[in-house]
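Here are some notes to read beside the model, written as numbered points.

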Amino acid sequence: MTPPLFHRRGRVLASSTAVAALALAGLSAGSPAVQAAALSGDCATAYPVAEIVNGAAVKGLTVSSGTTPEPFTGTVIGVLDDGIAADVDMIIMRLTSPEIDRVGGIWQGMSGSPVYAADGRLIGAVSYGLSWGSSPVAGVTPFENMDDYLPATSPRRVSLGGPAIKAITQQTDVTRKQAQQGLRQLKMPLGISGVSDSRLAQIQKTKGKHKWLSRDNYAMSASASAGTGAGPESIVAGGNLAASLSYGDVTQAGVGTATSVCNGRVVGFGHPMTFSGKTTLSLHPASALYIQEDSLGAPFKVGNLGAPVGTITDDHMTGITGAVGALPASTRITSTVTYGARSRSGYTNYTLPAAGPMTVLIQQMTSHDRVLDGWIKGSELNSYTITGRNPSNNGFTLQWVDRYQSSDDLSQEGAWELAEFVYGLTDIPGVTITSIKADSTVVDDSAKWEVSSIEQRRGRDWVKISKKEPARIKAGTTLKARVVLKGQGGTIMVPVSYPVPRKAAGSRAALQVLGGNYTWSDTSFTTVAKARKVLKAQVRNDAVQVEFATWGAQSQSGGDSDEYSEDGDYKPSNEDSSGSGMGPRGYSFDLIKQLPPTDRVVDGSAMARVDIR
């Protein structure tokens, strides 16, 4: 007689929070437009967990190659009460088939594989495996729970108590040490096509520095695409099922298994994709290439996505649910890169708004890497256009141009800034981005201009001014100065002039010069109007910003009440009533100019004192 795993209710410990996981996959996708007929499917009847008997024989379906499900068999070891979550038990089984035996156990990508009782009713989906290495022991999510919307908790690991460990070791070749590791969701590193492992490793190193990267709780892994071909008719119980955040040049997706199909509705995986609840992932068929053994971990499925054929509408603890038919609304990022005689335009559609920043980042890097064909130094002039709808459903268009430079890896320079701006827009409630276009022209010149000094015109001469040697100007006249920029191959002068108010007589002021590459952009805007304002105030990397202000004056560069004159300058502040000593009557001003762009990125800074008589 098989020993019981536990006394019902409360003897087995379970931890919370999940690694969203499934299978390493080679990914590619076809046209986003598809009209697929609803699939009648199996319309399975759930087998109640309460009726499960230890030692009962089970059978199941999964795919190891192509699209046709293959049978496997198994035996029930027992049921872990609340093993997945409160009121959601985990059924533990030992499974076998020629392929399971060949690779040493169940594999990543087998998640969602349906398991049936002898009478044909659906017990649940293979979803969990032992924490380390390959094993025939599987944790099964009950089908009667797979459509439920559960609280926002998700298990990383299910600890096994003494009786459970004893039962597993007695009925399988699993050692006590292996069983003590507990059960985990079958891993699903999010497969990403169109980008190299080295680029992904580079991105991962920055995790924590960017809010939209730290949101992701799933691992990433790149793998090569190898073709398409699977159609919606291949989405059947035990067949391949894929869900993607984006598709096109950059496909971010997980490939697993469908558990049940009924009249075009699909349930699969047995655990989440990204645990996003109500969602808009795209639903894809897929074709498996093979199951790869792994001497250091669990085996995994390698496969290819077909074109999207529907929408994943729910992504919850016990699985994903969607429908074949209408595709989710998507945002297209188009990236054009020109480098001498080489040019390419590529695109990716993303359907989950939260995936926008990552998709934009990888699309830009991918397009650059394909055209530049190496990590090169150089510079580029980029133009960006973003269209969308604001909360009142009015359309908007945001456009700007900037220059970027790198002495080692140009591909990533502009990509991060665009991704950050997209994140800022995505984070505004009610805003929908409909398209993003980036156009980049690359040259080999990686030289920069550096702010060297500030000079004042005195009579016919130009005199260098600084903190120690101030500029001198009479109130009511115009301060004429120039910024000296030095770099490889020469020096250029950028003129600047400021009318000095009569009321400023007796004040002490300063000129501060910043190269555009020495400044940074703000992405903390909360409305589209403020985003537009940020772009208007943004200093191009190849330009120079000059600020003329009395000492102690408060800059107007970040306040919500900023106003601009017709030429884009900030209007001076009103008189300071505090009597702070900045002038005979406490008069203060703060004037900011962005000087015309140069032909190179500008770095560095300089400051000079100004005495106003």
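Which residues does Val546 touch, not counting residues up to four places away in sequence?

1. Val546 touches Val483, Val496, Tyr498, Leu511, Gln512, Val513, Leu591, Ile592, Lys593 and Leu595. Please keep in mind that this is a predicted model. Val546 is also among the residues with the most contacts inside the largest nonpolar core, a set of 31 residues. Val483, Leu511, Phe548, Val610 and Ile612 share that standing.

2. Where does this core draw its residues from? The elements giving two or more residues to it are β24 (449-458), β26, β27 (478-487), β28 (490-499), β29, β30, β31 and β33 (605-612). Another core lies apart from it, with 23 residues, including Tyr384, Phe421, Val422 and Leu425.

3. Next, the sheet in this part of the chain. Five strands form an open sheet with mixed pairing, in the order β26-β33-β29-β30-β31. The edges are taken by β26 (471-473) and β31 (590-595); each has a single partner strand, so one side of each is left without a neighbour in the sheet. On average, neighbouring strands here are turned by 20° against each other, direction ignored.

4. Strands β29 (residues 508-515) and β30 (residues 544-550) run antiparallel and are joined by seven bridges. Within this pairing, Gln512 stands opposite Glu547 in β30.

5. How many residues of strand β6 (residues 137-142) are buried? The count is six of six. In a regular strand the side chains alternate between the two faces of the sheet. For β6, Val137, Gly139 and Thr141 lie on one side, while Ala138, Val140 and Pro142 lie on the other, and all of them are buried, so both faces are covered.

6. The partners of β6 are next. Strand β3 (residues 88-96) runs antiparallel to β6 and is joined to it by four bridges, with Ile92 having Gly139 as its bridge partner. Strand β5 (residues 122-130) is also antiparallel to β6, through five bridges, and there Val126 has Val140 as its bridge partner.

7. Met317 sits in the loop between β17 (310-316) and β18 (319-324). Is Met317 buried or exposed? Its relative accessible area is 1%, so Met317 is buried, the cut-off being under 20%. Met317 and Thr141 are 176 residues apart in sequence, yet their C-alpha atoms are 9.8 Å apart in space.

8. Helix α6 (residues 356-372) passes a simple length check. Its 17 residues should span 24 Å at 1.5 Å a residue, and the end C-alpha atoms are 24 Å apart, which agrees. Of these 17 residues, 15 are buried, so α6 is largely enclosed by the rest of the structure. Asp373 follows the helix and has a positive phi, near 55°.

9. Asp409 is a charged-type name to check in a buried place: the residue is found in the loop between β22 (395-406) and α7 (413-426), and with 2% relative accessibility it counts as buried. Which residues is Asp409 in contact with, leaving aside its neighbours within four places in sequence? They are Arg199, Gln202, Trp375 and Ile376.

10. Two further backbone angles deserve a glance. Most residues other than glycine have a negative phi, and most peptide bonds are trans. Cys43, although not a glycine, has a positive phi of about 45°. Cys43 lies in the segment before β1 (57-62) and counts as partly exposed at 34% relative accessibility. Asp87 is not a glycine either, and has a positive phi of about 70°. Asp87 lies in the loop between β2 (70-85) and β3, where it counts as exposed at 63% relative accessibility.

11. Finally, some totals for the protein. Its secondary structure comes to eight helices and 33 strands. Of the 613 residues, 54% count as buried. Among contacts between residues at least 6 apart in sequence, 74% join residues at least 24 apart. The accessible surface comes to about 25,400 Å², of which 50% belongs to carbon and sulfur atoms.

Methods: Residues numbered from 1 in each chain as written. Predicted model: local features only at pLDDT ≥ 70, side-chain atom pairs only at ≥ 80, totals over all residues. Heavy atoms only, no water. Pairing = 2+ DSSP bridges. Axes fitted to C-alpha atoms, helices over the stretch in contact; angles between N-to-C directions. Buried < 20%, exposed > 50% of the residue type's maximum accessible area, 1.4 Å probe, protein only. Contact = heavy atoms within 4.5 Å. Areas by Shrake-Rupley, 256 points an atom, 1.4 Å probe, with all protein chains shown as cover. Expected span 1.5 Å × (residues − 1). Core = buried A, V, L, I, M, F, W, Y, C linked by side-chain atoms within 4.5 Å.
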